[in-house]
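Please open the structure in your viewer and keep the selection panel at hand; the tour goes from one selection to the next.

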Amino acid sequence: MSLNPNADVAEEAACDHQESQCVATCMHAGDGDNASGTKGVPASERVPLVEKVAFSVGGIAGSLQSSAENSLLNPVFVLGYGISPALLSMLGMIYRFVDAVFDMVVGWVSDRTRTRWGRRRPYIFVGAILGGLWIPVIWFFGRNWSQGTIILWMASCMLVLLLLNSIWNIPFQCMLLEMTPNSNERTNVAAWRGYLGWVGWLLMAWSWRITQLPIFHNAVGKPDVVLGARWLTIGFAVIAIALGVLPAIFGRERYYKAVLKEGKVPFIKNFELTFANKPFMLLSAFTLLFFIGANLKGGLAFYTRLTYVCGGDQALASTLSGIEGTITIFIGLLGYPVFQWMANRYSKRTALFAVMGIMFLASISTIVTYIPSWPYLSMFSGILLAPANAALWMLIPSMTGDIVDHDELQTSERREGAFAAVFSWIYKIAVSLGGGLSGALVVWAGFDAGHAAAQPTNVIWTMRVLLVVVPAVFILASVWILFRYPLTPHRMTEIRVELEARRGTI
């Protein structure tokens, strides 16, 4: 698929005559909660292989644009420059909240955009280039700058990077919601993104270790993590640009022809309608609670493993992170077909309940797996989480696509950008709160960033207790929310039939 707008119109027109067949297919698939995935996706509703691959590898660009925050901030700024974890986390909360507002603006603007190339593809193309170019900038600060100046540089660069990432990411997320009208095919596309997107996560898993390689040592033979981060992220920038533009080049906005007949919803009303959608608010509450817990666990686990399991040995801790990240990627790949089958055979909500069960077990497993004499056993929790994490990023986007259909039935508008933006906003608030609270809890426990290798016994014990209890509480709360989610496969079939009776097939 190229950026030629006529190609989309031709493909849309070719599908219009199939309305009656599609409605019949939906009604057949809606017998009970056994969704249409068990019968196969109709040919007219399948996403072509080239489009699936282009979209999926494009997701690697998003991973690499997040590499600084997810992999390198703590090793460089906390361990390298002695910046307080609480301060770093609080700064992250501030620019994340600003970034979340920008997401909402980008979502609204892209929903209202009408160009010869569609609503999303121009932003994806430009955002991939600008965001990719900015990835290495954060690491080019002066070595002799004061700590306050370094903090200001870091926060400013991260804010710009997140803003540029919004230009790319929100339209990219929207494309998943627009590639097919079939609920199960959305899950299949999300699974493809997981299958091919492991490269980005693998690179992030080893980022900290790569920056300590001998090629990046300083004149006295010590690891220069800043130098390593500079060169590593320059490479990330090249990959992110090359792959990030592919969804714009090959992607198809299947609903664009229908959108041309719609009006343009004002900004405030747009988000009032979004927040009025009950299934979306339930999914958002679930997402908020779960990711707060997940990021609390991640932050607490980083410092607990470094200080307790590894005794402050950064080389050992970074090696464990790299090995664990590599194993979890491949274990996660094995989880995609299992949860994909479960979602298509039963329901996406059922699959999410299974995910939550695994995550609860992983949360409490650190009681027995964080042992200094067996440091490699500490990887068990992350490895156990792998298939569940993979499934989560497959299921939630697919469920958001179902919610967009539900919203169209209520409002007669296709507002993928609004839902993608608010979901991103909820996710970023969760990441900010989880990260901020984890840093605050670590400091509250008594962690001293200047003496990472020598924390008192009572400090380590407090961090271990927090690592077990706090994430488990948030996981249980998210399960309670999930029980109330109403969009079963049968209900989605009813919605599909009503929509296509109103506006025809897409």
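**A tour by selection**

Select Ile364 to begin: with a relative accessibility of 32%, Ile364 counts as partly exposed, a class lying between buried (under 20% relative accessible area) and exposed (over 50%), with a 1.4 Å probe and protein chains only. The model is predicted, with local features needing pLDDT of at least 70 and side-chain atom pairs pLDDT 80 or more, while totals for chains, interfaces and linings use all residues. Residues are numbered from 1 along each chain as its sequence is written, and side-chain values use heavy atoms, without hydrogens and water.

Ile364 sits in helix H17, residues 348–369, where helices are DSSP runs (H or I, at least four residues) numbered from the N terminus.

Next, select Thr211, in the loop between H10 and H11; Thr211 is buried, at 0% relative accessible area.

Then move to Gln212, in the loop between helix H10 (207–210) and helix H11 (225–244), which counts as buried at 9% relative accessibility. A polar atom of the Gln212 side chain lies 3.4 Å from the backbone oxygen of Trp208. Leaving aside neighbours within four places in sequence, the residues in contact with Gln212 are His217, Pro223, Val225, Gln314, Ala315 and Ser318.

Finally, select helix H9, residues 198–205, and colour its buried residues, Gly200, Met204 and Ala205. These residues cover an arc of only 135° around the axis, which puts them on the same side of H9; the arc is taken from the directions from the helix axis to the C-beta atoms.

Terms used:
Helix = DSSP H or I, 4+ residues; strand = E, 2+ residues; numbered from the N terminus. Polar contact = N/O pair within 3.5 Å; in protein donor to acceptor, adjacent residues only side chain to side chain. Contact = heavy atoms within 4.5 Å.
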